[in-house]
Amino acid sequence: RALEVDLRKAIGNGEFELFYQPQINIQKNEIGGFEALLRWHHPERGLVPPAEFIPVIEETGLILPLGDWIIEEACKEAASWPGDVHVAVNLSPIQFRNRGLVQSVSRALAVSGLAPNRLELEITESVLLQDNEMTISTLHQLRRLGVRIAMDDFGTGYSSLSYLRSFPFDKIKIDQSFVREMSQRADCLAIVQSIANLGASLGMPTVAEGIETEDQLRQIQAAGCTDAQGYFFGRPKPARELVHTMAALK
Ligand code: G
Ligand code: G
Ligand code: MN
Ligand code: NA
């Protein structure tokens, strides 16, 4: 496939870039961190959306070298940020099944000098689908390094509640599909409120994703979510465009 051939060359050619989107602590009204989101600048096609190429890099196994690059790049970038601002990195389930993951994370922390508690790894419920010992052991090893684990797209997967019991996450990210519809649909609002309550009773922060309006912000505040992310606060941007944001945080 043409896309696959191009992808194989893309890492070496420096065509990948990480964009960063702010995550706001809505209780303190300050930026808690940024989520790193992968972007591919194709030499002819321009910016290719991740939805188009992430499945291909996963099928071809390219996600392993690229995933290592992503973790290291994000850690190096975050090491230049002020205070305890964290960086959140998305992990593919395939990275989890690979035995080298813990070592890759450990190496990225060492090379960058980033304090481990400033790295947050976002995993989806699909990682836990085969609730096997290796997955749980990998998660515990990562936590022993001192990094935090966030459950991404919460509510869209399968049997989420049993996962919360079998593994202690540090944070829950409420899927943006619920946020998008909560002002028109009582059931979506009820789901957001329930997840926020669940987080509060388990002592886990809850991030509402996809906040685009002030009304949505008010609703998730009333629901008791602790953090928010979305275009209302900022779109994903290249690292060099964050300098003003960072200066304001100092
Ligand atoms: O910005 P958005 O279009 O960035 O991202 C689309 C999808 O691609 C999301 O589901 C997101 O989790 C995923 N994604 C973005 N960046 C990365 C990455 O660095 N690694 C992995 N595994 N997935 C990513
Ligand atoms: O699946 P994951 O949560 O990792 O990916 C986040 C995705 O959501 C990225 O594609 C990111 O660009 C996108 N995103 C972030 N904020 C908003 C928003 O306010 N509205 C919409 N529609 N998408 C958003
Ligand atoms: Mn994510
Ligand atoms: Na998400």
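The confidence that a predictor attaches to each residue, on a scale from 0 to 100, is called pLDDT. This structure is a predicted model, in which local features need a pLDDT of at least 70, side-chain atom pairs count only at pLDDT 80 or more, and totals for chains, interfaces and linings use all residues. Residues are numbered from 1 along each chain as its sequence is written, while chains are lettered from A and ligands numbered from 1 in the order in which they are written. The protein averages a pLDDT of 93, and 98% of the residues score at least 70.

**Exercise 1. Decide whether Leu 64 is buried, exposed or partly exposed.**

Step 1. A residue is buried if 20 or more other C-beta atoms, placed from the backbone, lie within 10 Å of its own, exposed if 12 or fewer do, and partly exposed in between.

Step 2. Leu 64 has 18 other C-beta atoms within 10 Å, and therefore it is partly exposed.

Step 3. Leu 64 lies in helix H3, where the buried residues include Ile 63, Leu 66 and Ile 70.

Step 4. Two residues are in contact if their C-beta atoms lie within 7 Å; leaving aside neighbours within four places in sequence, Leu 64 is in contact with Gln 95 and Asn 98.

**Exercise 2. Describe the shells around the two ligands by residue class.**

Step 1. A residue is near a molecule if its C-beta atom lies within 6 Å of it; Ala, Val, Leu, Ile, Met, Phe, Trp, Tyr, Cys and Pro count as nonpolar, Asp, Glu, Lys and Arg as charged, and the others, Gly among them, as polar.

Step 2. The shell around ligand 1 has 10 nonpolar, two polar and no charged residues, and among its members are Leu 37, Pro 50, Ile 70 and Asn 90.

Step 3. Strand E2 (30-42) and helix H2 (50-59) each supply at least two residues of the ligand 1 shell.

Step 4. The shell around ligand 2 has four nonpolar, six polar and four charged residues, and of these 14 residues Asn 90, Gly 210, Glu 212, Gly 230 and Tyr 231 come nearest.

Definitions and conventions
Helix = DSSP H or I, 4+ residues; strand = E, 2+ residues; numbered from the N terminus.
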